Every structure is written in structure tokens, then in C-alpha cells.
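Thanks, everyone. Please have a look at the structure, and then I'll walk you through a few places in it.

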Amino acid sequence: MEPSIQEPLMRKTSFSYRTFPESVGKRLSKEYLRSLNNKKLYLAVFAVVLGNFNFGFALVYPSPVIPALEAHPNPSLRLDQHTASWFGSVFTLGAAAGGLSAMVLNDRLGRKLSIMFSALPSAVGYALMAAAQDFGMLLLGRLLTGYAGGVTSASIPVYISEISHPGVRGMLGACPQLMAVLGSLVLYALGKYLCWRWLAVAGEVPVLAMIILLCFMPNSPRFLLSKGKDDEALGSLCWLRGRDTDYNQEYEQIKDSVRKQSQRVSCAEIKHPFIYKPIMITVGMRFLQQLSGVTCVLVYLQSIFKKTSVILKPEYDAALVGLVRLLSVGIA
């Protein structure tokens, strides 16, 4: 591409795809950010990150369950090495399907309704595992909870980023991962005291709490504006920022950003390094992270410690790993 064509394209793409372009981003002064009432915003974020808590809980559910089912007296529920591997890994197949479907759900239903929708397969999945009479019910339950986890993982960060203002966006953006790790820690801790059926029942609690709280939360102002619902978007921003704040400036900024980003992306723009390089870097980092095998370790954590000669019991070892992960995410 010739320099005369490349430079205008770079200026166009760098402005169009920036959430808060510099020309309008300066309008959100420090005085405005300090004047905001964040209590309802924090409540909305707490409501949605319960979905991440549930994801972390469901992901490592096999850790205490596999050892229990390997010694189960019922042959229909007893796991061997082959069935245990399926029970642990089928969650990721559901999560992959959930992540792909979230691409459509986020644009059709909106971020909030997509997260609420995920509660249905999650609740059914936990119910199947709690009442399981054979391996098929266990497998289907894991698949459904995995699907729900995939939807929430793709929808919750988008919702949080769109309802947050620049003053707290970074902090709130870390909450999904923090809650996912906390969910895993709680599962490891409960595994010491609850049987595998009651662990599945306990998983229903954050799902029900999330769906109830989200009934009272607003949709994303950015999503509403993208659908032409200007009045609803203004009401949503008013609820999130507080009636006594001058949120009209931020509303106009979001509206201007949505208008610029609604332009169709051409093939020439996709081929530009400004677009494809960040995508390649982030996808590559996530791919390498999964290749490290950390997910496998977390899912089979208690079984791994059971085969080692460590002093503590496997249940305590798993809880310690969960605690270290929580502290690490907090530091990050």
C-alpha cells in the first residue's frame, strides 16, 4: 500500500476503533469522575461477575468429584480412567460452543440478556449432575455447565467495559478473573465437606443469585445506542452514574463513539496491522496459555495430589493452590 493511502487509513482506523477517541475523551474531566456515584455501578458488576464465579466453580468441579466417583459402589456411576477423562474435559467442548454462540447472542439479545440466558443451561446442568443416575447424566451436566461458562466468559467482560467509566474501568475489568478464581477456591474448600451431589446443588446458588439480581440491572448504554434506543440508553446511564451527576457529556461521547464504530469494516482495514496485529497477539497468548496445561492441572488437581507423597491431604493441597491463584490475580 502506498504511503499516501496508508496514512489516511491508519488515522481513520486508529480513531474509529478507539473506545474513547482523544478528541472527545478529554471531556470526561477528573472533577466529573470524582462526582460520580458508583454504588449502583458496583452492584451491576457484582451481579454479572457471579457468572464468572460460577464458571470457576464449574470448571474445577471434577477435582473432588472424580476421586469420589472412582470408588462409587454403583457401576453406572463409577468412573474409570477413560470415563474420568471425558468427565473432566467435556466442559471445554461446551465452553467452546458457548463462546462461539455468544458472538451472535451479544448482538441479538444484548450483553445483559446473553448473561441471563446462560443461567438456564447452567441450572439444568447442575440439576442433572446432582440427580445423576448414570454416566450419561454426568456428562450432559458437564457439557451444559461448560456451555454456560463459555457464554458468560465472552459476554461479561464486554458488559462491564461498556457500563464502566474510565475512572474505574481497569479495576472492574479485573473482577471477572478474580471471581472465577474465587469460585474455584470455594469449590476446592467445599469439596472437603460436601459430597459430590451437594456440590452440584451448591453450584445452583450463584446462578440463581445472578439471575435475580440481573432482573434489576440496566442494559449496556452502548448496546442500546447501537440499536437506536436513545432514550433507554440515557436512562441506563442515568441509573449507573446517578441522577445528580452531569452524565450528558459522557452520553454524547458514547453516542459519538458508537456512530463512528458502526461503519462497516472493509477488507483493506482488516489487512492493516492496526487491526490484525492486536488480534493475532491476544489469540496467540491465550492459545499458548492453554498449551501450558494449567486447565488440566486445575480440573484434576485433587487426583494429582492423591498420587503424590505430600504431607497434607489432597483436599487441603487443592485449597492451597486455589488460594495462591486468588492472591496472584489480586496482585495482577
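One definition before we start. Helices here are DSSP runs of at least four residues, numbered from the N terminus. Keep in mind that this is a predicted model.

Let's begin with a cavity. How many cavities of 30 Å³ or more are there? The count comes to one. The largest cavity has a volume of about 40 Å³.

Which helices supply its lining? Four of them each give at least two residues: α4 (39–59), α7 (111–130), α8 (135–163) and α11 (196–214). Here are the lining residues of the largest cavity. They are Leu50, Gly51, Asn54, Ser118, Ala119, Ser122, Ala148, Thr152, Val207 and Met210. By class, that lining has five nonpolar, five polar and no charged residues.

Now look at two of those helices, α4 and α11. In general, two packed helices are described by the angle between their axes and the distance between the axes. The axes of α4 and α11 come within 8 Å. They cross at roughly 160°. Angles over 145 degrees count as roughly antiparallel, so α4 is roughly antiparallel to α11. The crossing of this pair is left-handed.

Who touches whom? On the α4 side we have Phe46, Ala47, Val48, Leu50, Gly51, Phe53, Asn54 and Phe57. They meet Leu199, Ala202, Gly203, Pro206, Val207, Ala209, Met210, Leu213 and Leu214 of α11. This contact divides into 14 nonpolar, three polar and no charged residues. Leu50, Gly51 and Asn54 of α4 are in this contact, and they also line the largest cavity.

Next pair: α5 (residues 62–70) and α6 (residues 81–108). They pack at an angle of about 160°, with their axes 11 Å apart. α5 and α6 are therefore roughly antiparallel to each other. Their crossing is right-handed. From α5, the contact uses Pro62, Val65, Ile66 and Glu70; from α6, it uses Ala84, Phe87 and Gly88. That makes five nonpolar, one polar and one charged residues.

Last stop, the second largest pocket. About 240 Å³ of space lies in it. α5 and α6 come back here: along with α18 (301–306), each supplies at least two lining residues. The lining includes Ile66, Glu70 and Ala84, which also take part in the contact of α5 with α6.

Terms used: Residues are numbered from 1 along each chain as its sequence is written. This is a predicted model: local features need pLDDT of at least 70, side-chain atom pairs count only at pLDDT 80 or more; totals for chains, interfaces and linings use all residues. Side-chain values use heavy atoms; hydrogens and water are left out. Axes are lines fitted to C-alpha atoms, for helices over the stretch in contact, and angles run from 0 to 180 degrees between N-to-C directions. Angles under 35 degrees count as roughly parallel, over 145 as roughly antiparallel, 65 to 115 as roughly perpendicular and the rest as oblique. A crossing is left-handed if the near helix is turned anticlockwise from the far one by less than a right angle, and right-handed if clockwise. Contact means heavy atoms within 4.5 Å. Ala, Val, Leu, Ile, Met, Phe, Trp, Tyr, Cys and Pro count as nonpolar, Asp, Glu, Lys and Arg as charged, and the others, Gly among them, as polar. On a 1 Å grid over the protein atoms alone, a cavity is a set of points where a 1.4 Å probe fits but cannot get out, and a pocket is an open set with protein on both sides within 12 Å along at least five of seven lines; lining residues have an atom within 4 Å of a point. Grid points are joined across faces, edges and corners, and a volume is the space filled by probe spheres set on the points.
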